[in-house]
Amino acid sequence: MIKESKVDVIVLPLFKNQNSFTGYVKEIDEFLNKKISTLIKNGDFKGDKNEILLYPDQSLTSKRLILLGLGLKKDCNLETIRNASASIALYIRDKNFKSYSTSIFGEELDSNLSDFVQAQLEGTKLSLYTFNQFKSDKKSLPKPINSLNIYVKDSKKHKEISSVIKETEYIAEGISLARDIANTPGNNMTPSIVANIAQNISSENSLKCEIFDEKKMKELGMGGLLSVSQGSNEPAKLIVIRHDGGNDDPIVIIGKGVTFDSGGISIKPSPKMDEMKFDKSGAATVIGAIKSISLLKLPINVIAIVPLTENLLSGSSYKPGDVITHYGGKTSEIMNTDAEGRLILADALSYSLTYKPKAIIDFATLTGACIVALGTHASGLFSNNKKLARDLFNSGQITGEPVWELPLWQPYYDQIKSDVADIKNTGSGGGGGAITAAAFLANFVNKQTPWAHLDIAGTAWIQNNPGDKKYFSKGSTGVGVRLIIRYLQQQCKLK
Ligand code: BES
Ligand code: ZN
Ligand code: ZN
C-alpha cells in the first residue's frame with residue numbers, strides 16, 4: 001500500500017480541475033478524511049503544470065505528502081510527464097529527501113502505458129544528471145536521491161512496467177555517457193581520450209571496437225579527417241564500434257567528433273568560442289547510443305563510426321584554397337576552415353558504404369545556420385529517403401527530440417560547385433547554410449542507400465536557461481540517443 005510506504009515523501013500526481021479521484025489518490029484522500037479534496041476546493045492546490053504542494057501529515061508513514069500538478073488532462077502528453085517528473089525529482093533533491101513513492105503519472109489516461117512510464121523515468125533520470133567532475137568543493141554539491149518506488153495498481157501490468165523501467169535505465173546510461181563526453185572540456189576530452197572511452201565501453205559491453213590511427217587513415221586516404229587535424233598536436237582518431245545483434249546488413253550511425261573547434265585559420269570570434277567544446281556532441285551521441293544498444297541487446301547489427309579531431313590553427317594547419325582528397329577519391333576545395341565538420345564526415349560517410357549498410361544516420365553540430373533556421377527547438381533533418389525521414393520524425397515526436405526536414409534541392413548542390421575541385425566546402429552566397437552543408441555530405445553517399453543527416457547544432461547543448469524543458473540543465477542534452485534508439489527499436493519490431 002502506497003500510504004504505508006516507508007519513504008520520505010509520497011507524491012500524488014493530479015490534473016487541473018480534477019474533482020474525482022481514482023486509485024492511490026482516492027485511497028489516500030479517504031484515509032486523510034478528504035484532505036486532498038479540501039485543499040483543491042479551497043484553491044490551495046490548482047493542479048497547474050509542475051505545481052508542487054508539500055503537505056505534512058503525521059498519520060502517514062512518510063509523514064508528508066506532495067501534490068504534483070499535471071495541468072489539464074486533455075493536454076497531458078509525454079512531454080508533460082517528463083517535465084512533471086523532472087520538477088518533482090529536482091524539488092525532492094533540493095529538499096534533501098532521500099526516497100519517494102509515487103504512481104504512474106497519467107495512468108488513468110487511455111494511452112500507451114509503457115511510453116508514459118518511460119517518459120516519467122526519463123524526466124527523473126535526465127533531470128538528476130550532474131556534471132561536477134571539476135568542482136573541488138564536493139560537500140556543496142547536490143546529494144543523490146536513493147530510491148523511487150513506483151506503485152502500480154494493476155498487477156497484470158507489473159511485468160511490462162518492470163521491463164520498461166530496465167530499458168529506460170539502459171537508455172539513461174547511454175545518455176549520461178553522451179552528456180559526460182560532450183560536457184568535458186577539450187583539454188580533458190581529446191580524440192585519444194574519446195577513443196579510450198570507446199575501447200573501454202566496448203570491452204565492458206561486448207561491443208567490437210577498432211581505432212584507426214593517422215597511419216591507417218593515410219593508407220585509406222581519409223584526407224578530410226587528416227587535413228582538419230593537421231594543425232593540431234593531438235592525433236586524429238577514427239573509431240568503429242560494432243554491435244552484432246542480428247543477421248541483416250547493419251545500420252550505421254556516424255557522429256561528428258570535433259573535440260574543439262576554433263575555426264582554424266578562418267578563426268571564430270572569441271565570444272562563445274568556449275562552447276565549441278560541444279562540437280563533439282554528435283560523437284557523444286553515437287557512443288552513448290551504442291552503449292545503450294548493447295545493454296538493450298537489440299536484435300540488429302549497428303555500427304557506430306566516429307571521426308575525431310581538433311580544429312586548431314598553427315603553422316601546419318590546412319588553409320583556405322587547399323584542395324583535399326577524401327576517402328573514395330572525391331576532392332574538395334577549402335573555402336573556409338571553419339566548415340570542418342563536413343570534411344571529416346565525408347570520409348566517415350564514404351567509408352561507411354564499405355559495410356553495405358541498410359541505412360546511414362549521422363549526427364553533427366554542423367552549422368550555425370541550422371540554429372538560424374530552426375532555433376533550439378528542433379534538429380535539422382536532411383535525407384535522400386522519404387521513409388527514413390518519416391521514421392526519424394515520428395521517433396523524435398515520441399521521444400521529445402523533434403526534428404524538422406529541410407529540402408535538398410538541386411540549386412543547393414549548385415551552390416557548392418567548385419572551379420578547381422569536385423565540390424567546395426561552403427556555398428558561394430545564397431544563404432541556406434544548413435542545407436548546403438547537408439548537400440556537401442550527400443555527395444559522399446549513394447542514392448540507393450537510405451541516409452539521413454541530423455544537424456544538432458541548436459539542440460545538443462543548452463547555454464542559457466533550459467526554458468520549456470525542465471529535465472535539462474545547462475550543458476549537453478545528449479540529444480539523439482533516445483531518438484535513434486526508439487527508431488532502432490521500431491525497426492526491430494517491424495522485422
Ligand atoms: N561547429 C560549427 C557549427 C556550430 C556553430 C554549431 C555554432 C553550434 C553553434 C561548424 O564547424 C561551423 O563552424 N560551421 C560554420 C560553417 C560556415 C563557415 C560555412 C558556421 O556555421 O558558421
Ligand atoms: Zn567549424
Ligand atoms: Zn564544427
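Trainee: Where in this predicted model is Asn33 placed?
Mentor: Asn33 sits in the loop between α1 (23–31) and α2 (35–41).

Trainee: Why does Asn33 count as exposed?
Mentor: Its relative accessibility is 67%. Exposed means over 50%. Asn33 therefore counts as exposed.

Trainee: Which value does phi of Ser206 take?
Mentor: Near 45 degrees, again positive in a residue other than glycine. Ser206 is in the loop between α6 (191–204) and β6 (208–212).

Trainee: Why does Ser206 count as exposed?
Mentor: The cut-off is over 50%. Ser206 has 67% relative accessibility, so it counts as exposed.

Trainee: On to the metals. What coordinates the zinc ion (ligand 3)?
Mentor: The protein donors are Lys256 (NZ), Asp261 (OD), Asp279 (OD) and Glu340 (OE), at 2.0 to 2.4 Å. Donors must lie within 2.8 Å. Along the chain their spacing reads K-x4-D-x17-D-x60-E.

Trainee: What makes the arrangement around the zinc ion (ligand 3) octahedral?
Mentor: Six donor atoms subtend angles of 77 to 174 degrees. For six donors, opposite ones must be over 155 degrees apart and all others between 65 and 115. The arrangement around the zinc ion (ligand 3) is therefore octahedral. Ideal octahedral angles are 90 or 180 degrees.

Trainee: Which residues coordinate the zinc ion (ligand 2)?
Mentor: Asp261 (OD), Asp338 (O and OD) and Glu340 (OE), at 2.0 to 2.2 Å. The spacing along the chain is D-x76-D-x1-E.

Trainee: What is the site of the zinc ion (ligand 2) called, octahedral or irregular?
Mentor: Irregular: six donor atoms, with angles of 71 to 167 degrees. Six donors need opposite ones over 155 degrees apart and all others between 65 and 115 to count as octahedral. Anything else is irregular, and that is the label for the zinc ion (ligand 2).

Trainee: Why are Asp261, Lys256 and Glu340 classed as buried?
Mentor: Buried means under 20% relative accessible area. Asp261 has 3%, so it is buried. Lys256 has 2%, so it is buried. Glu340 has 0%, so it is buried.

Trainee: Is Cys76 buried or exposed?
Mentor: Buried, because its relative accessible area is 11%, against a limit of 20%. Cys209 is at 22%, so it counts as partly exposed.

Trainee: Where does Cys209 stand?
Mentor: Opposite Ile241 in β7. β6 and β7 run antiparallel, joined by five bridges. β7 also runs antiparallel to β10 (residues 301–311), with eight bridges. One of the partner pairs there is Asp244 and Asn301. Two strands pair at two bridges or more.

Trainee: Why is strand β7 called largely enclosed?
Mentor: Six of the eight residues in β7 (residues 237–244) are buried, so the rest of the structure largely encloses it.

Trainee: Why is helix α14 called largely enclosed?
Mentor: Nine of its ten residues (433–442) are buried, so the same label applies to α14. Among them are Ile435, Phe440 and Leu441.

Trainee: What is the order of strands in the open sheet?
Mentor: β2-β3-β1-β4-β5, five strands with mixed pairing.

Trainee: What makes β2 and β5 the edge strands?
Mentor: β2 (52–56) and β5 (147–151) each pair on one side only. Neighbouring strands of this sheet are turned by 25 degrees against each other on average, direction ignored.

Trainee: How many bridges join β1 to β3?
Mentor: Five, and the two strands run parallel. Leu12 has Leu67 in β3 as its bridge partner. Helix α1 lies across β1, β3, β4 (99–103) and β5, at about 120 degrees to β1.

Definitions and conventions. Residues are numbered from 1 along each chain as its sequence is written. Chains are lettered from A and ligands numbered from 1 in the order in which they are written. This is a predicted model: local features need pLDDT of at least 70, side-chain atom pairs count only at pLDDT 80 or more; totals for chains, interfaces and linings use all residues. Side-chain values use heavy atoms; hydrogens and water are left out. Helices (H or I, at least four residues) and strands (E, at least two) are DSSP runs, numbered from the N terminus. Buried means under 20% relative accessible area, exposed over 50%, partly exposed in between (1.4 Å probe, protein chains only). Donors are N, O and S atoms within 2.8 Å of the metal (3.2 Å for Na, K and Ca); water is not among the atoms, so sites may look incomplete. Four donors count as tetrahedral if all angles lie between 85 and 135 degrees; four count as square planar and six as octahedral if opposite donors are over 155 degrees apart and all others between 65 and 115; anything else is irregular. Axes are lines fitted to C-alpha atoms, for helices over the stretch in contact, and angles run from 0 to 180 degrees between N-to-C directions. Contact means heavy atoms within 4.5 Å.
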